[in-house]
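Subject: Structure for you to look at

Hello,

Here is the structure I promised to pass on. Please open it and keep it beside this email while you read.

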Amino acid sequence: MSGGEFKSWQSVQAEVLRRINAREWKPGDFIPNESELSVEFGCARATVNRALRGLAESGLLDRRRKAGTRVALNPVRKATLDIPVIRYEIEGKGQSYRHSVLSQERMVPPSGIRARMQTQTGVKLLHLVTLHLADGKPYVFGDRWINPDAVPGIEKADLSAQSANEWLVANIPFEGGDFSFSAMTAGKREAEILACKEGEGLFVIERSTWNKSHVITSVRLTFAPGYRMHTQI
């Protein structure tokens with residue numbers, strides 16, 4: 001591939017990755033700086049920056065201000081986590097999907113949620129409690145908070161026809177997010193909603209997404225007993 005063909009950050013990233021995998025750039029080697037690479041690849045320096053930033057985030061490059069960029073000595077393989085559309089996940093297993101909104105109201109969140117959502121005291125957020133079912137059986141219930149200022153149109157959306165999970169993935173871009181995973185034993189509320197026994201083990205995911213100005217949404221997903229999660233590295 002000639003330099004003139006590197007027009008996107010993806011093509012630059014692919015070539016840098018090829019050189020790393022082919023050991024043209026070995027672990028610990030410093031690579032050319034962004035200006036040099038932009039000349040070689042015939043693209044803007046910002047394009048090179050975007051490509052290298054992605055490889056640094058994946059653990060393959062070690063970038064240090066003023067010190068340059070080098071191939072990581074001990075690259076960390078990172079798992080890739082997508083935000084799943086629960087309907088697709090259930091239908092992908094060959095099961096029928098249905099969901100229901102157990103409650104939906106605009107209200108002032110408790111202090112822990114307010115801190116996570118980074119909103120001021122007294123600001124009301126949209127609170128949704130939903131249940132997703134697979135073949136008519138409880139699959140996961142979600143306790144979700146949404147900042148309406150970050151999500152134009154959310155309060156006009158029919159979230160009983162399309163789940164908030166699916167609506168947000170389809171309509172609202174985000175720039176970052178985080179996941180946390182935990183286990184819990186079912187209490188009375190969880191046992192009632194998920195049709196399981198009190199004391200059974202449950203898998204829990206807490207997830208937040210944000211853009212430059214707001215935390216968009218924060219959700220706690222509690223899965224019925226037996227749920228398994230799969231990802232790749």
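Phe 203 is partly exposed, as its relative accessible area is 22%. Here buried means under 20% relative accessible area, exposed means over 50%, and partly exposed lies in between (1.4 Å probe, protein chains only). Before going on, note that this is a predicted model: local features need pLDDT of at least 70, side-chain atom pairs count only at pLDDT 80 or more, and totals for chains, interfaces and linings use all residues. Residues are numbered from 1 along each chain as its sequence is written, and side-chain values use heavy atoms, with hydrogens and water left out.

Aromatic rings

A pair of aromatic rings is described by the distance of the centres and the angle of the planes. Rings of Phe, Tyr and Trp (its six-membered ring) pair if their centres lie within 6.5 Å; planes under 30 degrees apart count as stacked, over 60 as edge-to-face and the rest as tilted. The count by this rule is seven aromatic pairs. Take Phe 179 and Phe 181: the ring centres are 6.1 Å apart and the planes meet at 15 degrees, so this pair is stacked. Phe 179 is partly exposed at 27% relative accessible area. Phe 181 is partly exposed too, at 39%.

Phe 181 also forms a stacked pair with Phe 203, with 6.1 Å from centre to centre and 5 degrees between the planes. This pair links distant parts of the chain. Phe 181 is in strand S6 (residues 176-185), Phe 203 is in strand S7 (residues 201-210), and the two are 22 residues apart. Helices (H or I, at least four residues) and strands (E, at least two) are DSSP runs, numbered from the N terminus. Ring pairs join Tyr 139, Phe 179, Phe 181, Phe 203, Phe 223 and Tyr 227 into a cluster.

Helix packing

How do H1 and H3 pack? Helix H1 (residues 9-21) meets helix H3 (residues 45-57) at an angle of about 55 degrees, and their axes are 8 Å apart. Axes are lines fitted to C-alpha atoms, for helices over the stretch in contact, and angles run from 0 to 180 degrees between N-to-C directions. H1 is therefore oblique to H3. Angles under 35 degrees count as roughly parallel, over 145 as roughly antiparallel, 65 to 115 as roughly perpendicular and the rest as oblique.

Residues of H1 that meet H3 include Trp 9, Val 12 and Leu 17. On the H3 side, Arg 50, Ala 51 and Leu 55 are among them. The charged end of Arg 50 sits over the ring of Trp 9, 3.9 Å from its centre. For this, NZ of Lys or CZ of Arg must be within 6 Å of the ring centre and within 35 degrees of the ring normal.

Helix H2 (residues 34-41) packs on H3 at about 110 degrees, with the axes 8 Å apart. That makes H2 roughly perpendicular to H3. Glu 34, Ser 35, Leu 37 and Ser 38 of H2 make the contact with Arg 45, Val 48, Asn 49 and Leu 52 of H3. Contact means heavy atoms within 4.5 Å.

Two single residues

Phe 174 is in the loop between helix H6 (164-171) and S6. Phe 174 is partly exposed, at 43%. Leaving aside neighbours within four places in sequence, Phe 174 is in contact with Ile 83, Thr 209, Trp 210 and Ile 216.

Is Thr 69 buried or exposed? Thr 69 lies in strand S2 (residues 68-71) and is buried, at 12% relative accessibility.

Best wishes
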